[in-house]
Amino acid sequence: MTYVITASELRKRFPGRGGAVDAVRGVSLEVARGEIVGFLGPNGAGKTTTMRMLTTLLPIDGGQATVAGLDVRRQPGQVRWRIGYVSQLGGADELATGRENLILQGRLYGGSKTTVAGRVDHVLGLLDLSGFADRLVRTYSGGQRRRLDVALGIVHQPEVLFLDEPSTGLDPQNRANLWQHIRALREQGTTVFLTTHYLDEADALCDRIVIVDQGRVVAEGTPRELKQQVAGDAIVLELRDSDAAGRAAAALRGQPAIRDLSVAGATVRLYASDGAAELPGLLRLLDGAGLTVRSLGLSEPSLDDVFLRQTGRSLRDAGQSTGQSNQAGQPLDRAAA
Amino acid sequence: MKTATDAGLLLRRYLIQLLRNPAFVVIGFATPLLYLALFTPLLRHLAGAQGLPSGNVLNLFLPGILALLAYASGAGPGFSTVFELRAGVIERFRVTPVSRLAILAGPILASMLLMFLFDLVLVLAGWGFGFHVHVLGLLLLALLLALQMATMAAFSITVALRSGEINGVAAIINGLNLPVLLLGGVLLPISLGPAWLRVLAHFNPLYYTVAAARALAAGPLTGTAVWQAFAVLVPLCAIVLYWATSVVRRAVA
């Protein structure tokens with residue numbers, strides 16, 4: 001397998017007033033050609049900082065990184081020709097039209113007038129922007145604006161596209177629409193590496209997920225693998241009373257398929273690696289013990305369960321206390337995430 | 001070669017932005033014209049006074065205003081850079097293979113073109129009121145003003161990139177303005193002042209620009225003030241541009 005991105009023990013430390021902050025503490029990852037890989041974690045986990053190091057925007061303090069087969073530390077100039085990067089802010093010119101933005105971008109990558117014009121038309125079509133390509137960007141809606149940002153990132157046909165929080169601030173329709181466009185890019189052979197703090201985005205869009213917390217990788221795999229690795233499906237059984245629940249727990253404990261069984265009142269909560277398949281057998285077992293189940297629930301594990309398991313915190317709560325959110329637009333040598 | 005092409009592309013972008021947001025252009029025009037209209041009348045009776053040359057007071061005053069304009073035009077790109085940084089535009093450029101020097105040259109050259117436009121209007125207006133126009137001297141002065149402007153612009157952009165917020169840039173630029181302008185002898189020649197003031201002024205780059213501007217506007221192209229100004233500004237401009245480029249490049253140490 002050829003890797004478009006490799007990182008090994010990447011480190012970044014920012015000097016700060018209250019002492020230095022280790023934003024990235026040894027991140028290692030690999031992204032294969034043609035994959036969509038999501039870098040998932042709470043705000044302040046080091047996602048943006050890692051991405052900014054991989055895209056030559058921030059000096060790498062420690063570790064190694066290659067992008068498109070080039071050493072990011074030694075050959076930043078060559079790396080820039082081969083990558084596209086869409087920051088959280090996008091950075092399109094508000095006072096220019098979408099087409100003007102794209103043409104300038106293409107020309108800055110060295111394309112001639114005619115090749116750029118053709119390429120811009122193609123990209124405008126690809127991202128459904130043709131209808132308003134000649135309107136000023138400041139009149140664009142949020143979704144249109146974000147699609148233009150992505151278009152700016154791919155106008156020069158990069159080998160790998162970096163997207164930093166691509167769907168932040170978009171409504172559900174526009175998010176789903178953007179995801180479709182990102183998948184279409186992958187179909188055209190572009191490798192996509194994106195950061196997100198949305199569980200559903202990582203789940204729905206990414207072939208593989210790297211979960212990061214406090215500057216370290218805590219888990220990685222396909223969304224399916226990650227969820228299975230946690231504890232399987234959650235099964236919740238409601239019995240008549242706590243006495244019945246206790247007896248049910250005793251009957252179920254020791255079953256090979258069952259993990260992490262707990263009792264709370266009349267409720268028995270347990271995990272099984274393939275809950276749907278296990279459920280009939282478990283119910284028969286309880287029936288044989290003379291116990292009646294009043295109701296039952298079966299839920300597939302979410303990525304939040306994965307995060308909870310790895311870090312002891314819920315992803316929805318993590319990172320909020322740090323108060324960090326949007327670090328792009330910070331001074332060049334201090335921006336952290 | 002790539003640097004020149006990139007700088008040209010970015011210059012075009014900044015010019016288009018200026019034209020689409022003409023408020024800046026209008027304000028830029030108003031400032032020097034207001035000086036000319038509202039300040040020159042105060043000087044009418046100063047010509048020939050102690051320490052001042054005789055003749056039309058504009059010959060003394062207008063070159064100072066041109067130097068002031070070069071300094072002030074250099075502060076503008078610093079402020080616009082903060083907005084571009086906050087909007088992610090600078091980062092979008094930095095991640096492309098565009099020449100790092102061109103990232104600076106784009107806004108600097110655009111502001112410089114605008115400055116020369118103002119300069120032309122000022123000189124023509126001054127000419128109408130009796131300013132003595134010496135063409136060769138003014139052409140050489142244009143080069144000096146370009147150096148002064150580029151130095152200040154590279155400085156203000158670097159301050160903006162380092163500080164990243166409008167307050168930081170405003171504090172530094174505004175903090176510099178008054179001492180630099182007063183010690184530059186922009187409005188009244190430093191030669192009127194006591195010795196300590198004249199010594200202090202020599203630490204101010206703008207002082208040399210102003211002195212050379214007055215000399216060049218008067219005609220002689222080879223006065224002491226002229227070569228002194230170039231001797232100060234050429235290396236200074238090179239040093240500041242080098243520093244600015246290294247800050248843009250800082251992404252990869």
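Which residue of S14(A) is the bridge partner of Ile235(A)? The partner is Leu298(A), and the sheet that holds this pair is described below.

## About the model

This is a predicted model, in which local features need pLDDT of at least 70, side-chain atom pairs count only at pLDDT 80 or more, and totals for chains, interfaces and linings use all residues. Residues are numbered from 1 along each chain as its sequence is written, while chains are lettered from A and ligands numbered from 1 in the order in which they are written.

## Chain A at a glance

Chain A has eleven helices and 14 strands. Helices (H or I, at least four residues) and strands (E, at least two) are DSSP runs, numbered from the N terminus. The C-alpha trace of chain A spans about 80 × 50 × 40 Å along its principal axes.

Of the 337 residues in chain A, 42% are buried. A residue is buried if 20 or more other C-beta atoms lie within 10 Å of its own, exposed if 12 or fewer, and partly exposed in between, with C-beta atoms placed from the backbone. Two residues are in contact if their C-beta atoms, placed from the backbone, lie within 7 Å. Among contacts in chain A with a separation of 6 or more, 68% join residues 24 or more positions apart.

## The sheet around S11

Let's return to Ile235(A). Four strands of chain A make an open sheet in the order S12-S13-S11-S14, with antiparallel pairing. Two strands pair if DSSP finds at least two bridges between them. Strand S12 (258–264) and strand S14 (295–299) of chain A are the edge strands, each pairing on one side only. From one strand to the next, the twist averages 15 degrees.

Strand S11 (residues 233–238) of chain A is joined to S14(A) by five bridges and to S13(A) by six, antiparallel in both cases. Val236(A) has Arg269(A) as its bridge partner in S13(A). The covered face of S11(A) carries Asp233(A), Ile235(A) and Leu237(A), whereas Ala234(A), Val236(A) and Glu238(A) are on the uncovered one.

## Helices on that sheet, and the loop beyond

Helix H9 (residues 242–252) of chain A lies across S11, S12 and strand S13 (267–272) of chain A, and runs at about 170 degrees to S12(A). Helix H10 (residues 275–288) of chain A also packs on the sheet, where it touches S11, S13 and S14 of chain A and makes about 30 degrees with the direction of S11(A). Axes are lines fitted to C-alpha atoms, for helices over the stretch in contact, and angles run from 0 to 180 degrees between N-to-C directions.

Pro301(A) sits in the loop between S14 and helix H11 (303–311) of chain A. Pro301(A) counts as buried because 20 C-beta neighbours lie inside 10 Å.

## The sheet around S1

Another open sheet of four strands in chain A has the order S2-S1-S4-S5 and antiparallel pairing. Strand S2 (21–32) and strand S5 (70–71) of chain A each have a single partner strand, so one side of each is left without a neighbour in the sheet.

Strand S1 (residues 3–14) of chain A runs antiparallel to S2(A), joined by nine bridges. Asp22(A) is the bridge partner of Arg13(A) in S2(A). Helix H1 (residues 47–54) of chain A packs on this sheet against S1, S2 and strand S4 (62–67) of chain A, with its direction at about 120 degrees to that of S1(A).

## Nonpolar cores

A nonpolar core is a set of buried Ala, Val, Leu, Ile, Met, Phe, Trp, Tyr and Cys residues joined through C-beta atoms within 7 Å. The largest has 148 residues, and those touching the most other members are Val67(A), Ala151(A), Phe162(A), Leu66(B), Ala67(B) and Ala154(B). A second, separate core of twelve residues includes Ile235(A), Ala248(A), Leu282(A) and Leu286(A).

Beyond its neighbours within four places in sequence, Val67(A) has contacts that include Val4(A), Ile5(A), Leu54(A) and Val160(A).

## Where the chains meet

In the interface, 28 residues of chain B are in contact with 28 residues of chain A. H1(B) gives the most to the side of chain B that touches chain A, with six residues. That side divides into 13 nonpolar, six polar and nine charged residues. Ala, Val, Leu, Ile, Met, Phe, Trp, Tyr, Cys and Pro count as nonpolar, Asp, Glu, Lys and Arg as charged, and the others, Gly among them, as polar.
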